[in-house]
Amino acid sequence: MGYGPGYRALHTAAIAIVGVLTVTGVLLYYPGVHTALIPYLSGIRVVHVALGGVLVGMLFVPGFFPPRTRAWIHRHDWKWTLGLVGAISLTGVFLILVTLLPASWRAAAFSWHGILTAVLVGWTALHAFRKLVKSIHPLDSMEQAADPDRRQFLGWALGGIGAMLAYLLVIPALGAVGRSGSSGPRVSAKPVPDGPQPGFVLYTVVDGYPRMPTTRYRLKVTGKVSRPLELDWKQFLALEQAKQVRNFQCVTGWVVSGCHWQGVRISDLARAVGADPRAAYVNFYSFDGVYTESLRRTDAMRPDVMLAHRLDGYPLAVQQGAPVRLVVPEMYGYKSIKWVDRVEFSDAPLAGYWEQRGYPSEATIS
Ligand SMILES: Nc1nc2c(c(=O)[nH]1)N[C@H]1C(S)=C(S)[C@@H](COP(=O)(O)O)O[C@H]1N2
Ligand SMILES: [Mo]
């Protein structure tokens, strides 16, 4: 009786899920839509990851419940679909394993997650077109065409995993993703003197990227402090400068490894203004007029939390927060507020921009 109603339902469900995953993935990734959908992004992310999990589970159904007949679907349909969905799921799993894998792997996984999805969408369209228009594969011939059994299925799965691992292992050697691991120099994509550095997805929650010449820029350090400061550009640069090479990771999955930051530590700023010991929080404001962030004082005092003004050897690009942005390498990117013009030591936290929209204020990449 062919592949039976169970497999038909599986097929339909898989198509629907792949469709929803593609749409939610696009919504999460593209900066344009990203801004419009801000209130829904954390929900969209949950749906995307959960459905991805369901799809991975479905991939294994034929392995555990082999179809009753050996010949049940066209060989190429099987190979391509399973191979692609398997590889996309695997790259998705890599993205979730935030700290277990090197950032260069995750950066590669992120690219391939998108590239392979584009191939899958193309393939699905072709497959549907063939079935609909040409009817090359009516059920009868489909049933004679191929006979993947459990062994073949496992072979394909292992082959796919093997190919993926092989690819990811040669990535650093090929330099194909642009950046190396957390502390090494960059492999290929070179820093650019003008404009944003390669690898970053450039977010803004307002219309466009606010522009502020350093001649007009003032940094205000206020709140529970004994010597509030208002610094012009020269005075800001005169503060003790710190440098570090760290990964930068957005909660939506993309990661840029080996970013060279230069700037002023919040701990040095705290000393300069004489921050009151009772100020348990440090709040940050952006001159985009909307974005805010807040750190527990203990987190903000870490030596790697800084107001950065240089990235990869060049002044920050406008799109990346020029002239000054916060960098919190231990936490997801949304903590690293751009276009900072006010730092406030306070006894109360501020509900940050994303925290007001459902993201946890504790954003440590664990
Ligand atoms: N002012 C402001 N700061 C911001 C954002 C923003 O939209 N506006 N996006 C945050 C998010 S979610 C991330 S991942 C990083 C992205 O930094 P990039 O634009 O340099 O890639 O900036 C963070 N800081
Ligand atoms: Mo982000």
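**Exercise 1. How far is an oxygen atom of ligand 1 from a polar backbone atom of Thr204?**

Work through the backbone contacts of the ligand one at a time. Keep in mind that this is a predicted model.

- Step 1. Start at Thr204: the distance between one of its polar backbone atoms and an oxygen atom of ligand 1 is 3.5 Å. A pair of N or O atoms counts as a polar contact within 3.5 Å, so this pair can be listed.
- Step 2. Go on to Val205, where a backbone N or O atom is 3.5 Å from a ligand 1 oxygen.
- Step 3. Turn to Val201: here a polar backbone atom and an oxygen atom of ligand 1 are 2.6 Å apart.
- Step 4. Now look at the surface of the ligand. Ligand 1 on its own exposes 530 Å², and 99% of that is buried by the protein.

**Exercise 2. Describe the space that holds the ligand, and the residues around it.**

- Step 1. Search the whole structure for cavities of 30 Å³ or more; one turns up.
- Step 2. Note the volume: the largest cavity holds about 330 Å³ of space.
- Step 3. List the lining. It is made of 26 residues, and those nearest the cavity centre are Tyr203, Tyr291, Gly333, Tyr334 and Lys338. Sorted by class, the lining residues are 16 nonpolar, seven polar and three charged.
- Step 4. Do likewise for the shell of ligand 1. There are 21 residues around the ligand, with Val201, Gln320, Arg325, Ser336 and Lys338 coming nearest. The shell comprises 13 nonpolar, five polar and three charged residues.

**Exercise 3. Find the backbone features to check in two loops.**

- Step 1. Take the loop between β7 (306-311) and β8, which contains Asp312. Asp312 is not a glycine, yet its phi is positive, near 55 degrees.
- Step 2. Move to the loop between β8 (314-315) and β9 (325-327), where Pro323 lies. Which kind of peptide bond joins Ala322 and Pro323, cis or trans? The bond is cis, with omega at about 0 degrees.

Key. Residues numbered from 1 in each chain as written. Chains lettered and ligands numbered in written order. Predicted model: local features only at pLDDT ≥ 70, side-chain atom pairs only at ≥ 80, totals over all residues. Heavy atoms only, no water. 1 Å grid on protein atoms, 1.4 Å probe; cavity = no way out; pocket = protein on both sides within 12 Å on 5 of 7 lines; lining within 4 Å. Points joined across faces, edges and corners; volume = space filled by probe spheres on them. Nonpolar A, V, L, I, M, F, W, Y, C, P; charged D, E, K, R; others polar. Near = heavy atom within 4 Å. Polar contact = N/O pair within 3.5 Å; in protein donor to acceptor, adjacent residues only side chain to side chain. Areas by Shrake-Rupley, 256 points an atom, 1.4 Å probe, with all protein chains shown as cover. Helix = DSSP H or I, 4+ residues; strand = E, 2+ residues; numbered from the N terminus.
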